[in-house]
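Colleague: I am new to reading protein models. Could you walk me through this one, feature by feature?

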Amino acid sequence: MLRLLANLKELYRYRVLVQSLVVRELKARYRGTVLGFLWSFFNPLLLMIVYTVVFGFIIKPRDPAFGGSPWLYALFLFSGVLPWTWFSSSSLESANVLMIHGNLIKKILFPAEVLPLVVVTSNFVHFCFGLPILLLFVLIFGKSYTVYLLFLPLVMLVQYIFTLGFGMLISSLTVHFRDIKDILANLLTFWFFATPIVYPMTFETITRSRTLRVFLNLNPMTHIMQGYQYSVFYGRLLPWKRLGVTLGVAIILFLIGYYIFDRLRDSFPEEV
Amino acid sequence: MYAIEVENLTRIYQKYSARHRFQTFKSALIKGDLFRALRPDELVTALAGLSFKVHKGETFGLIGENGSGKSTLLKIIAGIVKPTSGAVKTDGKISALIELGAGFHPEISGRENIFINGIMLGLSKKEIQEKFDEIVRFAELEDFIDAPVKTYSSGMYMRLGFSIAINVNPDILLVDEVLAVGDAAFVPKCLDRIDDFRRRKKTILFVSHDLATVKKICDRVAWLKSGRIMTIGEPSRVVDAYLQDVVERQEREFERRQEEIRRQTEIRKKEELRAEASRPGEQEPLESERRPETGRGEERRPEEEAREQERREQRWGKREIEITKVTLKNLQGQAKHVFSPEEGMVIEMEVVAYSRIEDFVFGIGIFNSQGICCYGTNTHLEDYTPVSIEGEGKVICRLEKLNLINGTYYLDVATHKRDGYPYDYHRNLYTFLVSSTYRDEGITRLPHRWEVSPNIQLKPPERKVNLD
């Protein structure tokens, strides 16, 4: 525990590096593309359109929350897909990040946790680029802003800690077990559908089945996603007790992830 | 006061096999004991209990063959790799030139890379801003600094990397063989910078295979071999000891290769004999003509033909007189394969004539690796008159002084009739190496010396490196 604190202090010393690497990541990502950083908007937007067409127009939304409107459903979808993209891209990139920057780890002295931190943070910035679009759509689709929007930063904090913990865990383990990368890609697809993103928790199949409810509630991402949906889509107070528990879970995951990362740290220069 | 203190340093590397990895993953999942499962199945010792101290302001050289642990040592001192046991104490800010431009991102500009790389190496943003112009100027990249790094040539890339690292202005500079890639103009500039460091009494740890530079710039040198320090001390003494060891190793390597060739020839000879014996309707070959003749090739398979061809290129003749063994020795009669140009060489041929022969010549030829004949002669050219030979004997050619430049040489030995009809011709079957610290060029080292009139100040080399 003390060692973790010392590590965090060391990490703080490197904040300028984290900051420059995040900026570099963002600059480099769309360097050479015509639309540039607009892709940060288009990627989730296009994803949303696909889901809207399939689940909104082809399979009509049956839940009362949408009143049969595919547009409202699209908004609901977007409020979940956007933060999910942050989580899933961060996890997938974390799996690779130590290997991609193997050269750095082998040749330059700096705390390796900077790398997953940069991954999660730059994806967070992407997510933030997408937020105005989400908020714009709230107005376009005939909803209005509520005071509960102010809870968004809290939800983001929980997700940030959770994602970072997961990223640390994944990145350090993948160095030793490369299979994790492939396992993870499949796991994330499963996880996506095991989280109420394309369907609301109020869906009648879920309200009727206790097993399903318990299962979904055990998934920390459920509460994080619901945090967004309540604040943006429903405009209601989010289930704060559950989010509080999720924050605890996120912190524990972060500590475990960082501990394992730290234990495996010395093996990175020779394994990546 | 010491800048670097290395105390009983050991580093053991771990080797994991793919199978082991798979098993560990399984057992890690099943037993839930990840750290125990991650124990390796094979160990490689990179450093075995090193201890040495580097004074402040000293330029300390590290030499040794590839894989002797130099880079590992440097990485441990830099703090990138952790020692398995032992300790390193350093006093002052360290900058490691281990790989230039290691942190560059190809898609972004040189300018942005300078900032990120500088921060990684421990500079603050402000410091980089102050040094920015100097970094760009030293790297000679004024016109390209806003272009993405991926458009840089490898030279530009390296210059930028060096320029950033050297401008970190450390107290201890670790240099690992990074100058090997620079062009003729940039390397002296880098060496100037390193000299500048020396003048400012900074500590430098210098790893290089360029022994001349090591001798020139280092105050002390350590020679590393298989993770141990062999010698430590005055540069030219350590470099000489290292060179001596390299020569001995080359010698062993040559012996091994010669042995291999000899064994293969023997096997081939046996195969041929067997093939000959099993050929039906053929007379049992006479002792004096047991070599297969070229004319019999019609019913042979092509691969056999090819092998025969290859063999014939290396050795031909019907062996009425056979050269059974060739040994290279120095003038003291010691068999060896690595010679200094100052040394003499004795080529000793053991020959056997299966009947009395009255027309014979013995010859030698020395070829360099480009196939150029450096020297060739035979007894006939030198007007020796053959009288008779029968049974076993020895023919020795004594070269009083080799006088060749550095390189690998091939030796032809032959015995034939005066009209050229070959008895036994060995083409390029024997090799030897000439190795020295001289860097002269050409084909042979002509005996020479330099003389200047008294008003010209020309300092002779400190001492000659004698490889004997």
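Colleague: Which residues touch the most other members of the largest nonpolar core?

Modeller: A nonpolar core is a set of buried Ala, Val, Leu, Ile, Met, Phe, Trp, Tyr and Cys residues joined through C-beta atoms within 7 Å. Buried means that 20 or more other C-beta atoms lie within 10 Å of a residue's own, with C-beta atoms placed from the backbone. Here the largest core has 137 residues, and V114(A), L74(B), L97(B), L174(B), V175(B), L205(B) and F206(B) touch the most other members. Helix α4 (residues 70-100) of chain A contributes the most, 14 residues. A second, separate core of 25 residues includes I366(B), Y409(B), F432(B) and V434(B).

Colleague: How should I take the numbering and the model itself?

Modeller: This is a predicted model: local features need pLDDT of at least 70, side-chain atom pairs count only at pLDDT 80 or more, and totals for chains, interfaces and linings use all residues. Residues are numbered from 1 along each chain as its sequence is written, while chains are lettered from A and ligands numbered from 1 in the order in which they are written.

Colleague: What does V175(B) touch?

Modeller: Contact means C-beta atoms, placed from the backbone, within 7 Å. Leaving out residues up to four places away in sequence, V175(B) touches L97(B), I204(B), L205(B), F206(B) and V207(B).

Colleague: And how do I read a sheet?

Modeller: Strands of a sheet pair through backbone hydrogen bonds, either parallel or antiparallel. Strands (E, at least two residues) and helices (H or I, at least four) are DSSP runs, numbered from the N terminus, and two strands pair if DSSP finds at least two bridges between them. In chain B, an open sheet of six strands runs β5-β6-β7-β3-β8-β9 with mixed pairing. Its edge strands, β5 (94-97) and β9 (228-233) of chain B, each pair on one side only. Inside it, β3 (residues 59-63) and β7 (residues 203-207) of chain B pair in the parallel sense over four bridges, and T59(B) has I204(B) as its bridge partner in β7(B).

Colleague: What is the order of the three-stranded open sheet?

Modeller: Its order is β11-β13-β16 (chain B), with antiparallel pairing. β11 (321-329) and β16 (389-399) of chain B have a single partner strand each, so one side of each is left without a neighbour in the sheet.

Colleague: How many residues of chain B are in contact with chain A?

Modeller: 23 residues of chain B are in contact with 22 residues of chain A. On the chain B side, α4(B) gives the most, with five residues.

Methods: Contact = placed C-beta atoms within 7 Å. Buried ≥ 20, exposed ≤ 12 C-beta atoms within 10 Å, placed from the backbone.
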